[in-house]
Amino acid sequence: MIRLSGVSKVFPGRSGDVVALADVDIEVGRGEICGVVGQSGAGKSTLLRCVNLLERPSSGSVEIDGVELTTLDAAALRDARRGIGTVFQQFALLSSRSAADNVALPLEVAGVPRARRRERVRELLELVGLEDRADAHPAQLSGGQQQRVGIARALATEPRVLLCDEATSALDPETTDQILDLLRDLNRRLDLTVLLITHEMHVVERICDRGVLLKEGRVVESGRVADLLAQPRSVLAAGLGPKLPAPDPDVAARIEGTLLDVRFLGDLVGEPVIADLVRRFDLDVSVVGGGVDVIAGTRIGRLHLQLPAGDHAGAIAHLRRRGAEVEVIA
Ligand SMILES: Nc1ncnc2c1ncn2[C@@H]1O[C@H](COP(=O)(O)OP(=O)(O)OP(=O)(O)O)[C@@H](O)[C@H]1O
Ligand SMILES: [Mg+2]
(Lines give C-alpha, C1' and ligand atoms only; values in the text may rest on other atoms or scores of the structure.)
(Ligands and ions follow the chains in the order given, each with its own letter.)
Protein backbone atom coordinates (compact mmCIF):
# COMPACT_ATOMS: atom_id res chain seq x y z
CA MET A 1 0.00 0.00 0.00
CA ILE A 2 2.83 2.36 0.92
CA ARG A 3 6.16 1.63 -0.71
CA LEU A 4 9.18 3.87 -0.42
CA SER A 5 12.20 2.71 -2.39
CA GLY A 6 15.62 4.27 -2.15
CA VAL A 7 14.23 7.55 -0.83
CA SER A 8 16.86 10.15 -0.03
CA LYS A 9 16.42 13.76 0.97
CA VAL A 10 19.24 16.24 1.08
CA PHE A 11 18.74 19.79 2.31
CA PRO A 12 21.39 22.15 0.99
CA GLY A 13 22.71 24.32 3.80
CA ARG A 14 25.20 27.15 4.21
CA SER A 15 27.58 24.94 6.11
CA GLY A 16 27.14 21.96 3.79
CA ASP A 17 24.35 19.58 2.85
CA VAL A 18 22.15 17.97 5.49
CA VAL A 19 21.28 14.39 4.58
CA ALA A 20 17.89 13.99 6.28
CA LEU A 21 17.08 10.65 4.60
CA ALA A 22 19.51 8.23 2.99
CA ASP A 23 18.28 5.42 0.78
CA VAL A 24 15.18 4.59 2.80
CA ASP A 25 13.10 1.54 1.88
CA ILE A 26 9.79 1.06 3.69
CA GLU A 27 6.85 -1.12 2.82
CA VAL A 28 3.53 -1.06 4.65
CA GLY A 29 0.83 -3.50 3.59
CA ARG A 30 -2.83 -2.56 3.24
CA GLY A 31 -4.52 -2.32 6.63
CA GLU A 32 -1.28 -2.36 8.57
CA ILE A 33 -0.12 0.12 11.18
CA CYS A 34 3.57 0.88 10.88
CA GLY A 35 5.41 2.86 13.53
CA VAL A 36 8.58 4.75 12.67
CA VAL A 37 10.72 5.50 15.68
CA GLY A 38 13.94 7.39 16.02
CA GLN A 39 15.61 10.11 18.00
CA SER A 40 15.13 13.81 17.39
CA GLY A 41 16.67 14.72 14.03
CA ALA A 42 16.59 11.12 12.75
CA GLY A 43 14.49 12.24 9.78
CA LYS A 44 11.04 11.03 10.88
CA SER A 45 9.06 14.14 9.95
CA THR A 46 10.97 14.48 6.69
CA LEU A 47 10.06 10.88 5.92
CA LEU A 48 6.38 11.49 6.56
CA ARG A 49 6.42 14.62 4.43
CA CYS A 50 7.98 12.62 1.61
CA VAL A 51 5.07 10.18 1.66
CA ASN A 52 2.57 12.85 0.64
CA LEU A 53 5.21 14.71 -1.31
CA LEU A 54 4.94 17.86 0.80
CA GLU A 55 8.68 17.34 0.62
CA ARG A 56 9.99 16.09 -2.71
CA PRO A 57 12.60 13.35 -2.25
CA SER A 58 16.00 14.15 -3.76
CA SER A 59 15.86 10.65 -5.21
CA GLY A 60 13.87 7.45 -4.92
CA SER A 61 10.26 6.50 -5.47
CA VAL A 62 7.09 6.90 -3.40
CA GLU A 63 4.28 4.55 -4.30
CA ILE A 64 0.82 4.68 -2.73
CA ASP A 65 -1.73 2.07 -3.70
CA GLY A 66 0.31 1.24 -6.80
CA VAL A 67 0.60 4.87 -7.96
CA GLU A 68 4.07 6.39 -8.22
CA LEU A 69 3.62 9.91 -6.82
CA THR A 70 6.90 11.49 -7.87
CA THR A 71 5.97 11.43 -11.56
CA LEU A 72 2.44 12.86 -11.24
CA ASP A 73 1.55 16.32 -12.53
CA ALA A 74 0.10 18.90 -10.13
CA ALA A 75 -3.56 17.99 -10.74
CA ALA A 76 -3.00 14.26 -10.40
CA LEU A 77 -0.93 14.80 -7.26
CA ARG A 78 -3.75 16.85 -5.75
CA ASP A 79 -6.11 13.92 -6.40
CA ALA A 80 -3.67 11.42 -4.95
CA ARG A 81 -3.26 13.53 -1.82
CA ARG A 82 -7.00 13.26 -1.13
CA GLY A 83 -6.32 9.60 -0.53
CA ILE A 84 -3.80 10.46 2.20
CA GLY A 85 -4.93 11.99 5.50
CA THR A 86 -2.53 13.60 7.96
CA VAL A 87 -2.79 14.03 11.72
CA PHE A 88 -0.45 16.50 13.43
CA GLN A 89 1.16 16.67 16.84
CA GLN A 90 -0.26 20.10 17.71
CA PHE A 91 -3.68 19.31 16.16
CA ALA A 92 -3.39 22.34 13.79
CA LEU A 93 -7.06 23.32 14.17
CA LEU A 94 -8.43 26.73 13.21
CA SER A 95 -9.34 28.42 16.48
CA SER A 96 -12.04 30.58 14.91
CA ARG A 97 -13.97 27.58 13.61
CA SER A 98 -16.12 25.10 15.48
CA ALA A 99 -15.18 21.42 15.60
CA ALA A 100 -17.69 20.71 12.83
CA ASP A 101 -16.34 23.51 10.64
CA ASN A 102 -12.76 22.34 11.14
CA VAL A 103 -13.77 18.86 9.98
CA ALA A 104 -15.66 20.40 7.04
CA LEU A 105 -12.60 22.28 5.77
CA PRO A 106 -11.13 19.58 3.48
CA LEU A 107 -14.64 18.96 2.11
CA GLU A 108 -15.03 22.68 1.28
CA VAL A 109 -11.66 22.59 -0.47
CA ALA A 110 -12.76 19.50 -2.42
CA GLY A 111 -15.95 21.32 -3.48
CA VAL A 112 -18.39 18.99 -1.74
CA PRO A 113 -21.91 20.56 -1.72
CA ARG A 114 -23.10 21.98 1.59
CA ALA A 115 -25.83 19.43 2.36
CA ARG A 116 -23.57 16.46 1.71
CA ARG A 117 -20.85 18.20 3.72
CA ARG A 118 -23.07 18.57 6.75
CA GLU A 119 -24.06 14.91 6.60
CA ARG A 120 -20.45 13.77 6.23
CA VAL A 121 -19.24 15.96 9.11
CA ARG A 122 -21.86 14.42 11.36
CA GLU A 123 -20.68 10.92 10.39
CA LEU A 124 -17.06 11.85 10.98
CA LEU A 125 -17.66 13.39 14.40
CA GLU A 126 -19.62 10.30 15.36
CA LEU A 127 -16.77 8.11 14.15
CA VAL A 128 -14.38 9.78 16.62
CA GLY A 129 -16.94 9.99 19.44
CA LEU A 130 -17.48 13.76 19.34
CA GLU A 131 -20.99 14.02 17.93
CA ASP A 132 -22.14 16.09 20.92
CA ARG A 133 -19.32 18.67 20.63
CA ALA A 134 -19.87 19.72 17.02
CA ASP A 135 -20.35 23.40 17.90
CA ALA A 136 -17.50 23.70 20.39
CA HIS A 137 -14.45 25.72 19.43
CA PRO A 138 -10.97 24.23 19.87
CA ALA A 139 -10.33 26.33 23.00
CA GLN A 140 -13.37 24.68 24.61
CA LEU A 141 -12.07 21.17 23.95
CA SER A 142 -9.50 19.07 25.81
CA GLY A 143 -6.30 18.03 24.06
CA GLY A 144 -7.67 14.57 23.40
CA GLN A 145 -10.89 16.00 22.00
CA GLN A 146 -8.95 18.40 19.78
CA GLN A 147 -6.95 15.48 18.42
CA ARG A 148 -10.21 13.64 17.72
CA VAL A 149 -11.27 16.63 15.63
CA GLY A 150 -7.87 16.48 13.91
CA ILE A 151 -8.41 12.80 13.13
CA ALA A 152 -11.96 13.36 11.87
CA ARG A 153 -10.67 16.14 9.61
CA ALA A 154 -7.90 13.86 8.29
CA LEU A 155 -10.53 11.24 7.41
CA ALA A 156 -12.92 13.69 5.73
CA THR A 157 -11.94 12.84 2.15
CA GLU A 158 -12.08 9.09 2.87
CA PRO A 159 -8.35 8.47 2.58
CA ARG A 160 -6.98 4.94 2.39
CA VAL A 161 -3.77 6.03 4.07
CA LEU A 162 -3.37 7.95 7.31
CA LEU A 163 -0.11 9.63 8.29
CA CYS A 164 0.40 10.67 11.91
CA ASP A 165 3.34 12.79 13.03
CA GLU A 166 3.70 12.45 16.81
CA ALA A 167 -0.10 12.49 17.06
CA THR A 168 -0.08 11.73 20.78
CA SER A 169 3.06 13.54 21.96
CA ALA A 170 1.12 16.51 23.27
CA LEU A 171 -1.22 14.31 25.34
CA ASP A 172 -1.06 12.78 28.82
CA PRO A 173 -0.58 8.98 29.06
CA GLU A 174 -4.25 8.12 29.57
CA THR A 175 -5.44 10.32 26.70
CA THR A 176 -2.59 8.96 24.57
CA ASP A 177 -3.95 5.44 25.03
CA GLN A 178 -7.48 6.55 24.16
CA ILE A 179 -6.28 8.15 20.95
CA LEU A 180 -4.10 5.14 20.09
CA ASP A 181 -7.07 2.83 20.64
CA LEU A 182 -9.19 5.08 18.43
CA LEU A 183 -6.56 4.88 15.67
CA ARG A 184 -6.49 1.08 16.01
CA ASP A 185 -10.28 0.97 15.85
CA LEU A 186 -10.42 3.21 12.77
CA ASN A 187 -7.64 1.18 11.15
CA ARG A 188 -9.74 -1.96 11.49
CA ARG A 189 -13.13 -0.50 10.68
CA LEU A 190 -12.02 1.51 7.64
CA ASP A 191 -9.22 -0.82 6.50
CA LEU A 192 -6.91 2.19 6.82
CA THR A 193 -3.20 1.85 6.29
CA VAL A 194 -1.45 3.92 8.94
CA LEU A 195 2.10 5.24 9.02
CA LEU A 196 2.84 6.87 12.31
CA ILE A 197 5.85 8.57 13.66
CA THR A 198 6.77 8.57 17.28
CA HIS A 199 9.64 8.66 19.69
CA GLU A 200 7.72 6.53 22.19
CA MET A 201 8.09 2.76 22.14
CA HIS A 202 4.78 2.60 23.96
CA VAL A 203 3.01 3.64 20.75
CA VAL A 204 4.64 0.75 18.89
CA GLU A 205 3.76 -1.66 21.69
CA ARG A 206 0.13 -0.68 21.81
CA ILE A 207 -0.97 -0.56 18.19
CA CYS A 208 1.73 -1.24 15.60
CA ASP A 209 1.94 -4.30 13.34
CA ARG A 210 5.26 -3.13 11.98
CA GLY A 211 8.16 -1.10 13.27
CA VAL A 212 10.93 0.86 11.59
CA LEU A 213 13.91 2.26 13.43
CA LEU A 214 15.40 5.32 11.82
CA LYS A 215 18.83 6.60 12.75
CA GLU A 216 20.55 9.55 11.12
CA GLY A 217 18.30 9.24 8.09
CA ARG A 218 18.82 5.51 7.60
CA VAL A 219 16.61 2.54 8.33
CA VAL A 220 18.60 0.46 10.80
CA GLU A 221 15.85 -2.06 11.52
CA SER A 222 12.42 -2.84 10.14
CA GLY A 223 9.94 -5.66 10.18
CA ARG A 224 6.79 -7.03 11.70
CA VAL A 225 6.78 -6.36 15.44
CA ALA A 226 6.15 -10.06 16.15
CA ASP A 227 9.23 -10.98 14.06
CA LEU A 228 11.42 -8.29 15.60
CA LEU A 229 10.52 -9.57 19.07
CA ALA A 230 11.90 -12.97 18.12
CA GLN A 231 15.24 -11.48 17.01
CA PRO A 232 17.57 -11.47 19.98
CA ARG A 233 19.63 -8.53 18.75
CA SER A 234 16.75 -6.28 17.69
CA VAL A 235 17.26 -2.78 19.10
CA LEU A 236 13.59 -2.00 18.54
CA ALA A 237 12.44 -5.13 20.33
CA ALA A 238 14.77 -4.44 23.25
CA GLY A 239 12.66 -1.36 23.97
CA LEU A 240 9.44 -3.37 24.01
CA GLY A 241 7.95 -5.41 26.81
CA PRO A 242 7.67 -4.97 30.55
CA LYS A 243 9.54 -1.99 31.95
CA LEU A 244 11.17 -2.93 35.22
CA PRO A 245 12.44 -0.35 37.66
CA ALA A 246 16.20 -0.47 38.06
CA PRO A 247 16.93 -2.44 41.21
CA ASP A 248 17.16 -0.22 44.28
CA PRO A 249 20.77 1.07 44.47
CA ASP A 250 20.96 0.26 48.21
CA VAL A 251 19.88 -3.30 47.55
CA ALA A 252 22.15 -3.53 44.50
CA ALA A 253 25.13 -2.33 46.57
CA ARG A 254 24.60 -5.16 49.06
CA ILE A 255 24.36 -7.81 46.37
CA GLU A 256 27.49 -9.88 46.18
CA GLY A 257 26.25 -12.16 43.48
CA THR A 258 25.05 -11.60 39.96
CA LEU A 259 22.02 -9.70 38.75
CA LEU A 260 20.42 -10.91 35.52
CA ASP A 261 17.87 -9.33 33.19
CA VAL A 262 16.03 -12.26 31.60
CA ARG A 263 13.44 -12.01 28.80
CA PHE A 264 11.14 -14.83 27.74
CA LEU A 265 8.94 -14.89 24.66
CA GLY A 266 5.75 -16.69 23.73
CA ASP A 267 5.09 -20.12 25.20
CA LEU A 268 8.26 -19.98 27.26
CA VAL A 269 6.51 -17.47 29.55
CA GLY A 270 4.33 -20.26 30.94
CA GLU A 271 7.11 -22.80 31.41
CA PRO A 272 8.89 -23.53 34.70
CA VAL A 273 12.24 -22.31 33.39
CA ILE A 274 13.38 -20.80 36.68
CA ALA A 275 12.31 -23.78 38.78
CA ASP A 276 14.26 -25.96 36.37
CA LEU A 277 17.30 -23.70 36.74
CA VAL A 278 17.15 -23.89 40.54
CA ARG A 279 16.94 -27.69 40.52
CA ARG A 280 19.62 -28.26 37.93
CA PHE A 281 22.22 -25.88 39.36
CA ASP A 282 21.10 -26.04 42.98
CA LEU A 283 20.93 -22.23 43.05
CA ASP A 284 19.42 -19.76 45.50
CA VAL A 285 17.61 -17.56 42.99
CA SER A 286 15.71 -14.47 44.11
CA VAL A 287 13.30 -12.66 41.82
CA VAL A 288 13.82 -8.93 42.42
CA GLY A 289 11.54 -7.67 39.64
CA GLY A 290 9.25 -9.03 36.98
CA GLY A 291 6.34 -8.53 34.61
CA VAL A 292 4.50 -9.90 31.60
CA ASP A 293 3.13 -7.92 28.60
CA VAL A 294 1.37 -8.98 25.43
CA ILE A 295 2.69 -7.17 22.36
CA ALA A 296 1.58 -7.82 18.78
CA GLY A 297 0.01 -11.03 20.09
CA THR A 298 3.28 -12.24 21.64
CA ARG A 299 3.67 -12.74 25.36
CA ILE A 300 6.85 -11.22 26.77
CA GLY A 301 8.00 -12.01 30.27
CA ARG A 302 10.86 -10.23 31.95
CA LEU A 303 12.56 -10.98 35.24
CA HIS A 304 15.36 -9.48 37.26
CA LEU A 305 17.04 -12.42 38.96
CA GLN A 306 19.61 -12.32 41.69
CA LEU A 307 22.04 -15.23 41.94
CA PRO A 308 24.49 -15.78 44.82
CA ALA A 309 28.20 -15.05 44.44
CA GLY A 310 29.96 -17.51 42.19
CA ASP A 311 30.47 -18.45 38.58
CA HIS A 312 27.15 -18.73 36.77
CA ALA A 313 28.31 -19.19 33.19
CA GLY A 314 26.68 -22.64 33.11
CA ALA A 315 23.34 -21.38 34.43
CA ILE A 316 23.31 -18.44 32.00
CA ALA A 317 24.15 -20.71 29.08
CA HIS A 318 21.33 -23.01 30.17
CA LEU A 319 18.80 -20.16 30.21
CA ARG A 320 19.92 -19.09 26.76
CA ARG A 321 19.64 -22.66 25.47
CA ARG A 322 16.07 -22.72 26.71
CA GLY A 323 15.43 -19.66 24.51
CA ALA A 324 15.62 -16.84 27.05
CA GLU A 325 17.56 -13.65 26.40
CA VAL A 326 19.90 -13.02 29.29
CA GLU A 327 21.86 -9.91 30.12
CA VAL A 328 24.13 -9.58 33.14
CA ILE A 329 23.34 -6.19 34.70
CA ALA A 330 25.49 -6.33 37.84
N1 LIG B 1 13.52 22.29 5.61
C2 LIG B 1 14.71 21.88 6.09
N3 LIG B 1 15.85 22.51 5.75
C4 LIG B 1 17.05 22.10 6.21
N5 LIG B 1 17.21 21.05 7.03
C6 LIG B 1 16.12 20.38 7.41
C7 LIG B 1 14.80 20.75 6.98
N8 LIG B 1 13.90 19.90 7.53
C9 LIG B 1 14.61 19.03 8.27
N10 LIG B 1 15.95 19.32 8.20
C11 LIG B 1 17.02 18.56 8.86
O12 LIG B 1 16.86 17.19 8.56
C13 LIG B 1 17.12 16.38 9.70
C14 LIG B 1 15.90 15.53 10.04
O15 LIG B 1 14.86 16.39 10.50
P16 LIG B 1 13.41 15.86 10.89
O17 LIG B 1 12.58 17.04 11.22
O18 LIG B 1 12.92 14.97 9.81
O19 LIG B 1 13.74 15.00 12.19
P20 LIG B 1 12.73 14.28 13.21
O21 LIG B 1 13.19 12.87 13.31
O22 LIG B 1 11.34 14.53 12.81
O23 LIG B 1 13.06 15.01 14.59
P24 LIG B 1 12.06 15.37 15.82
O25 LIG B 1 11.88 14.09 16.61
O26 LIG B 1 12.84 16.38 16.60
O27 LIG B 1 10.79 15.90 15.27
C28 LIG B 1 17.54 17.33 10.81
O29 LIG B 1 18.94 17.40 10.83
C30 LIG B 1 16.95 18.65 10.37
O31 LIG B 1 17.70 19.71 10.87
MG1 LIG C 1 9.68 15.48 13.71
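1. Let's start with one pair: D191 and R30 form a salt bridge, with 2.7 Å between their closest N and O atoms. (A salt bridge here is a side-chain nitrogen of Lys or Arg within 4 Å of a carboxyl oxygen of Asp or Glu.) The two residues come from distant parts of the chain, 161 residues apart. D191 sits in the loop between α6 (173-190) and β8 (193-198), and R30 in the loop between β2 (18-28) and β3 (33-37). In total, the structure holds 22 salt bridges.

2. Some ground rules. This is a predicted model, where local features need pLDDT of at least 70 and side-chain atom pairs count only at pLDDT 80 or more, while totals for chains, interfaces and linings use all residues. Residues are numbered from 1 along each chain as its sequence is written, and side-chain values use heavy atoms, leaving out hydrogens and water.

3. On confidence: pLDDT (the predictor's confidence in each residue, from 0 to 100) averages 92 for the protein, and 98% of the residues score at least 70. Among the elements (helices, H or I, of at least four residues and strands, E, of at least two, taken as DSSP runs numbered from the N terminus), strand β1 (residues 2-11) has the highest mean, 98. Helix α10 (residues 249-254) has the lowest, 69.

4. The domain assignment, whose bounds come from an automatic or database source, gives domain 1 (2-238) and domain 2 (249-328). Their centres, taken over C-alpha atoms, are 39 Å apart.

5. How do the domains meet? Nine residues of domain 1 are in contact (heavy atoms within 4.5 Å) with seven of domain 2. There are zero salt bridges between domain 1 and domain 2. On the domain 1 side, α8 (225-229) and α9 (235-238) each supply at least two of the touching residues, and α8 gives the most, with three.

Key:
Chains are lettered from A and ligands numbered from 1 in the order in which they are written.
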